[in-house]
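Subject: Structure handover

Hello,

Here is the structure I promised to pass on. Please open it first, then read the notes below.

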2 protein chains.
Amino acid sequence: MTTTAEPTEPTTTAKRERPKRRTPGARPVGVPYINRQIPPYDILSEESLEKIEATADRILAEIGIEFRDDDDAIALWKKAGAKVDGLKVTFEKGMLREIVSSAPARFTQHARNPARSVEIGGGSVVFSPAYGSPFVMDLDRGRRYGTIEDFQNFIKLAYSSPWLHHSGGTICEPVDLPVNKRHLDMVYSHIKYSDRAFMGSVTAESRAEDSIDMARILFGRDFADQNCVILGNVNVNSPLVWDGTMTKALRAYARANQAAVIVPFILGGAMGPVTNAGAIAQSYAETLAGCALTQLERKGAPVIFGNFLSSMSLRSGSPTFGTPEPAIGSMVIGQLARRLKLPLRCAGNFTNSKLPDAQAMQEGVMSMMSAIHCGANFILHSAGFLDGLLSMSYEKFVMDADFCGALHAYLKGVDVDDNALAYDAFEEVGPGSHFLGSQHTLRNYQTAFWDTTLSDNEPFEKWSQEGGSTDMAIRANRQWKQTLASYEAPPLDEAIDEELRDFIDRKKKSMDDAWH
Amino acid sequence: MTTTAEPTEPTTTAKRERPKRRTPGARPVGVPYINRQIPPYDILSEESLEKIEATADRILAEIGIEFRDDDDAIALWKKAGAKVDGLKVTFEKGMLREIVSSAPARFTQHARNPARSVEIGGGSVVFSPAYGSPFVMDLDRGRRYGTIEDFQNFIKLAYSSPWLHHSGGTICEPVDLPVNKRHLDMVYSHIKYSDRAFMGSVTAESRAEDSIDMARILFGRDFADQNCVILGNVNVNSPLVWDGTMTKALRAYARANQAAVIVPFILGGAMGPVTNAGAIAQSYAETLAGCALTQLERKGAPVIFGNFLSSMSLRSGSPTFGTPEPAIGSMVIGQLARRLKLPLRCAGNFTNSKLPDAQAMQEGVMSMMSAIHCGANFILHSAGFLDGLLSMSYEKFVMDADFCGALHAYLKGVDVDDNALAYDAFEEVGPGSHFLGSQHTLRNYQTAFWDTTLSDNEPFEKWSQEGGSTDMAIRANRQWKQTLASYEAPPLDEAIDEELRDFIDRKKKSMDDAWH
């Protein structure tokens with residue numbers, strides 16, 4: 001072209017000959033999980049990684065970690081040879097790495113639909129919805145406390161997306177249900193409204209055990225004893241404290257041969273140092289201790305090495321999300337986890353924005369790309385968060401799910417077989433012509449490019465005159481409503497359904513009785 | 001913590017003791033360019049790269065490139081030993097790589113303020129505004145053709161941002177000025193309203209020469225003959241055609257020892273194949289030929305290896321931007337450019353959104369992160385684009401500039417010195433306490449975290465009750481107006497200013513005379 005302006009569009013001639021559109025309404029077909037075709041992004045040298053490990057080792061050996069309200073955990077540490085001083089446990093250099101070496105580098109979490117079972121570890125990437133918000137939001141009703149209806153709606157939206165792989169866990173808190181019973185309804189909702197793998201409760205040992213029991217009903221007790229059928233996400237009480245509630249839940253999952261996801265939440269400057277290397281060393285030490293505890297409870301139990309670095313606004317003291325320091329720090333955590341040969345959970349799609357606006361996606365994409373690049377196998381919080389993790393947004397959820405689709409294409413990398421190299425296309429087209437009607441294009445166009453369902457790619461005139469000048473949030477609002485309206489539940493074996501409902505009724509009744 | 005919810009905030013105790021706020025209103029201090037502390041992201045193996053190079057070599061040797069309307073370029077190719085058949089030039093394997101080996105791997109582009117000169121090559125990263133839109137947009141006035149006032153406004157906004165390094169070139173087309181004269185006003189505006197490095201015109205050989213002459217007035221002819229003081233961005237007419245307008249401009253820059261940026265614009269499926277590897281091979285071949293031509297014109301002249309991959313909506317035939325395939329393809333282009341030891345220009349901040357909304361930043365961040373990860377030294381289009389490159393948006397410009405600030409922090413990587421490892425902080429704080437008042441925090445908090453000027457990080461209640469429930473676009477609208485209102489031009493030597501204005505008057509008069 002002869003002007004400096006790069007923007008251009010296919011010529012009119014070209015347009016006449018372009019291939020036919022894809023079949024309208026054809027639902028994209030997802031995969032049960034992604035096998036990444038690009039390597040993780042290693043940003044630190046071996047020497048620098050060793051410095052961070054050495055700092056973590058020194059923290060573990062000299063400062064130690066407190067294990068509160070869990071005598072059994074303390075006993076396990078003593079038996080394993082750790083030094084116990086009251087609640088404080090210290091570990092000789094290398095001891096914890098030796099203990100975690102019995103954990104599998106990769107395992108399968110089974111889904112009730114076997115075609116949807118996920119691999120966790122190696123080059124796998126599993127997208128799971130966000131987790132833990134007390135509030136929900138949508139453009140029509142604004143922000144409000146989450147309910148079991150919202151909870152089920154998000155399960156249905158996740159189930160309906162070809163780009164999410166996992167049903168998640170506490171997608172939002174259903175605060176309309178009693179705290180001591182809601183875990184039963186949550187686990188049942190995952191089983192009933194989706195056929196994907198899911199997570200159970202961790203807020204009390206008994207709730208973890210109830211969750212596992214429900215998975216046993218679904219999969220059969222023998223199968224569940226030998227295979228991972230449920231995950232539990234446990235948090236460190238950073239800095240350097242493991243609370244008994246969490247270690248008891250962690251041990252309940254490990255005891256049942258189910259996978260705990262071990263996650264410190266380190267807000268730099270509050271629960272950890274303001275410098276990245278220190279926060280990473282802390283995260284490594286805290287997670288390693290949690291992973292090791294699973295192996296002391298049951299050697300060989302699956303476990304996931306997690307992390308959650310965050311930063312702080314030094315103007316207001318508020319936590320900040322989707323910022324550069326945690327994004328770059330996650331890549332280092334990934335390198336450290338690979339040295340341990342443990343499956344990795346990292347980052348997710350975070351933002352402090354209170355609306356599904358430019359800030360939401362700027363911060364969200366930065367953090368999500370980091371999760372992708374660091375080599376994470378299980379990406380919790382892949383879709384839905386707004387409001388500094390405090391709200392699940394219906395619009396953001398479908399935006400994020402669409403972006404997860406883009407990441408499927410991204411993680412395919414670049415093929416270099418003869419078809420992809422396309423020499424025959426150059427022979428056919430030659431200089432100065434175009435590729436729209438070429439054999440190579442006709443052969444490949446159906447699968448060539450990721451196809452969004454939310455971005456508007458029309459020319460300005462069409463967007464403004466025919467499309468109603470919508471922004472992405474408006475289109476997302478329409479999409480989630482349409483998706484819920486057309487949702488159909490996957491069939492569930494009636495005998496299993498009945499057994500689950502009996503279990504829940506009995507449990508609830510026993511809780512009621514406990515109050516009389 | 002003992003709940004499953006990860007979201008949390010510092011405790012009240014913590015808040016009392018947190019460090020003082022940064023000085024309000026303190027303007028962040030930028031750097032003239034970034035020296036990246038993280039490596040580029042290599043996604044393909046050597047073997048795969050060689051397959052792409054081999055395809056490019058075969059295209060160059062057997063299909064060839066047409067050089068139209070430039071007899072001097074054809075003569076240079078003949079003299080260099082290429083095979084010329086009419087307009088078509090073919091090249092033996094390795095010939096072009098041999099020719100470009102005389103180009104510098106790294107050079108300085110001088111700014112009139114020496115503190116703002118930029119390095120281009122090696123580990124440098126230079127952010128430059130977007131380039132070439134006929135339209136401008138803002139939230140108040142919508143979309144309209146660009147004017148010289150808009151053009152100057154964007155120069156002022158770029159100058160005022162600590163996170164952009166370069167003044168750019170055709171930031172928007174000032175369509176209120178005559179086509180044959182506007183380059184003079186554009187170059188003068190860059191010199192007058194900024195003290196940063198800038199780009200000149202390429203839309204005709206004479207306009208390229210006028211631009212270079214104005215740079216000679218600014219820097220002195222002798223200095224300008226030995227140093228790079230202006231860039232010209234030239235486009236291939238893909239596939240496999242170099243138009244004379246572009247090669248003559250390219251040669252004018254090289255002849256004057258100034259740097260041409262060589263950029264194919266390949267919309268996969270139209271100007272190139274739909275498969276990434278083929279589009280990359282084509283881009284490599286086209287760029288390599290352009291880079292080699294600069295060396296035939298003047299051996300040792302600086303040149304920048306550019307690329308611009310894009311995809312297409314197979315629903316509408318529209319070009320799409322910020323999509324996964326070009327993002328991943330750019331990383332491969334980066335690997336190929338490093339094998340050539342040439343400075344690299346890649347990608348930028350692209351979107352097809354017509355508003356500064358979630359789509360704009362989702363697509364923008366994905367493409368910008370790719371530019372960062374591929375190792376690009378000169379990132380044109382770092383700020384401002386909306387509307388498929390057709391519009392410069394005032395709001396998007398300041399959003400993107402703020403995000404460039406985040407990328408400064410990202411590219412610092414992770415320090416692992418003793419201060420960053422923070423062992424003393426753990427000794428001081430220990431398990432179960434917090435780091436807000438620790439010596440380590442007090443020593444580091446001022447520089448610990450990137451500080452946005454546009455993202456809202458307040459709690460929901462404060463955002464909604466005191467902050468007016470703004471979305472990022474509204475805050476950006478306020479920011480660009482405030483920035484323009486407080487803009488002050490950097491002083492310019494009066495004798496130089498006069499000489500420039502004389503030059504422009506003479507040139508304009510000679511153009512008027514040419515029409516009589």
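Predicted model: local features only at pLDDT ≥ 70, side-chain atom pairs only at ≥ 80, totals over all residues.

In which helix of chain A do A:Phe460 and A:Trp463 both lie, and how many residues apart are they? The helix is H17, residues 460-465 of chain A.

Aromatic pairs

Over all chains, a search of the whole structure gives 35 aromatic pairs. A:Phe460 and A:Trp463 form a tilted pair, because their ring centres are 5.5 Å apart and their planes stand at 50 degrees.

How the chains are related

Chain A can be laid on chain B with an RMSD of 0.1 Å. Look for A:Ala358 in chain A: its C-alpha is the one nearest the axis, 2.0 Å from it.

The interface

On the chain A side, 153 residues are in contact with chain B. They meet 151 residues of chain B. Of the interface residues of chain A, 99% are also interface residues in chain B, so the copies meet through the same surface.

The size of an interface is often given as the accessible area lost when the parts come together. Here, chain A and chain B bury about 12700 Å² between them. Carbon and sulfur atoms account for 65% of that area.

Polar contacts cross the interface too. There are 36 such residue pairs between chain A and chain B, with both residues at pLDDT 80 or more. On the side of chain A that touches chain B, helix H12 (residues 358-373) gives the largest share, nine residues. By class, that side of chain A has 73 nonpolar, 50 polar and 30 charged residues.

Salt bridges

Side chains of opposite charge can pair when their charged atoms come close. Across all chains, the whole structure has 68 salt bridges. Between chain A and chain B the count is four. A:Glu461 and B:Arg143 meet in a salt bridge through their side chains, at 3.1 Å from N to O.

Another salt bridge joins the side chains of B:Arg58 and B:Glu62, at 3.5 Å from N to O. Both residues sit in helix H2 (residues 46-63) of chain B. They are four residues apart, so about one helical turn separates them.

Over to you.

Best wishes

Key: Residues numbered from 1 in each chain as written. Chains lettered and ligands numbered in written order. Heavy atoms only, no water. Contact = heavy atoms within 4.5 Å. Buried area = accessible area lost by both parts, 1.4 Å probe. Polar contact = N/O pair within 3.5 Å; in protein donor to acceptor, adjacent residues only side chain to side chain. Helix = DSSP H or I, 4+ residues; strand = E, 2+ residues; numbered from the N terminus. Nonpolar A, V, L, I, M, F, W, Y, C, P; charged D, E, K, R; others polar. Least-squares fit on C-alpha atoms with pLDDT ≥ 70 in both. Phe/Tyr/Trp six-rings, centres within 6.5 Å; stacked < 30°, edge-to-face > 60°.
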